[in-house]
Amino acid sequence: MLHTLALATIFGDFGDIIATSSLFAKFIILVLFVLSIVSWAVIADRFRRLRRADAEDTHFWKRFDAMESYEEMEGLSQWCEKSQDSSLGTIFRFFHREFWPRYLSHRTQGSEDTLRGLLRRGADRVATKQIEELERGITWLATLSSIAPFLGLLGTVWGIMGSFLQIGRQGTATLDAVGPGIAEALVTTVCGLFVAIPAVIGYNWLLRRIRGQESEMLRLISILEDHVATETLSVGEEEVRVNAGGFH
């Protein structure tokens, strides 16, 4: 009785309907409430993560664009080591720590296509891992947006079944007989939509932000490929000059 009064006080008629619903309907509503909490927790966590990534990636581009020579890579790489939330920083760390030493020792031995292929494949692996980390949890939103309406529909069917049972017991289709069951059915439907709609919006918004991060990573990989190609060509031209007689 106490929880019925509390729900009615907090949520008005909506809470009163929930309080007087059947045990099955209350179970469905409780499940949807838990799913709603999970949905909002995922949205909040991914929002904070992407906001930090965007801020650090913006700072990365400023430092990267200000770099005048390959000798300045070490300073940027050290900053990337400290900036764990920057997806671009992770790719640049791979470039400087793993690819660049290998490139310096083999640039006169391998073709340009081979060297660029090594960079592309290695950077793609790093980028894929970063995308997977950014997408962690958002599949829950897609799942919740799909199952929440069906849970609400389950409660709806259950409520309508109760209404028909009441009609059968009382032998009449008065509002007193069918009203509570229909109200219960509508409440579970509404609760399902309350969970599904924010989950769909959050999923699409987060996915769009993650795709933006992916585009930035591909842009950085393309720039690094161009720089490697330029450096390889300059080395080839220098060898031609000897036999005959940078980043930006």
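This dialogue reads selected features of a predicted model.

Student: What should I know about the model before I start?
Tutor: This is a predicted model, where local features need pLDDT of at least 70 and side-chain atom pairs count only at pLDDT 80 or more, while totals for chains, interfaces and linings use all residues. Residues are numbered from 1 along each chain as its sequence is written, and side-chain values use heavy atoms, with hydrogens and water left out.

Student: How many helices and strands does the protein have?
Tutor: Helices (H or I, at least four residues) and strands (E, at least two) are DSSP runs, numbered from the N terminus. Here there are eight helices and zero strands. From the N terminus on, the order is α-α-α-α-α-α-α-α.

Student: What share of the residues is buried?
Tutor: Buried means under 20% relative accessible area, exposed means over 50%, and partly exposed lies in between (1.4 Å probe, protein chains only). Of the 248 residues in the protein, 39% are buried.

Student: And what is the accessible surface of the protein?
Tutor: Accessible areas come from the Shrake-Rupley method with a 1.4 Å probe; for residues, only the protein chains shown count as cover. The total is about 14100 Å². Carbon and sulfur atoms hold 63% of that surface.

Student: Which residues make the nonpolar surface patch?
Tutor: Patches take residues with over 30% relative accessible area and no salt bridge; like charges are joined within 9 Å, nonpolar side chains (Val, Leu, Ile, Met, Phe, Trp, Tyr) within 5 Å. In this case Leu30, Phe33, Val34, Ile37, Val38 and Trp140 form a patch of about 590 Å². Helix α3 (residues 23-66) gives the largest share, five residues.

Student: Why does Val38 count as partly exposed?
Tutor: Val38 sits in helix α3. Its relative accessibility is 32%, so Val38 counts as partly exposed.

Student: Is Phe194 buried or exposed?
Tutor: Phe194 belongs to helix α8 (residues 175-244). Phe194 has 55% relative accessibility and therefore counts as exposed.

Student: How many salt bridges does the structure hold?
Tutor: A salt bridge is a side-chain nitrogen of Lys or Arg within 4 Å of a carboxyl oxygen of Asp or Glu. The structure holds 13.

Student: Which residue forms a salt bridge with Arg49?
Tutor: Glu133 does, with the closest N and O atoms 3.1 Å apart. Arg49 lies in helix α3 and Glu133 in helix α6 (residues 112-134), so the pair ties together parts 84 residues apart in sequence. Arg49 counts as buried at 6% relative accessibility, whereas Glu133, at 27%, counts as partly exposed. Arg136 also bridges to Glu133, the closest N and O atoms being 3.4 Å apart. A network of salt bridges links Arg49, Arg52, Asp85, Glu133 and Arg136.

Student: Where do Arg211 and Glu135 lie?
Tutor: Their side chains meet in a salt bridge at 3.0 Å, N to O. Arg211 is in helix α8 and Glu135 in the loop between α6 and α7 (138-170), 76 residues apart. Arg211 is partly exposed at 36% relative accessibility. Glu135 is partly exposed at 22%.

Student: At what angle do helices α4 and α5 pack?
Tutor: Axes are lines fitted to C-alpha atoms, for helices over the stretch in contact, and angles run from 0 to 180 degrees between N-to-C directions. Helix α4 (residues 73-82) and helix α5 (residues 87-106) pack at about 130°, with axes 9 Å apart. Angles under 35 degrees count as roughly parallel, over 145 as roughly antiparallel, 65 to 115 as roughly perpendicular and the rest as oblique. So α4 and α5 are oblique to each other.
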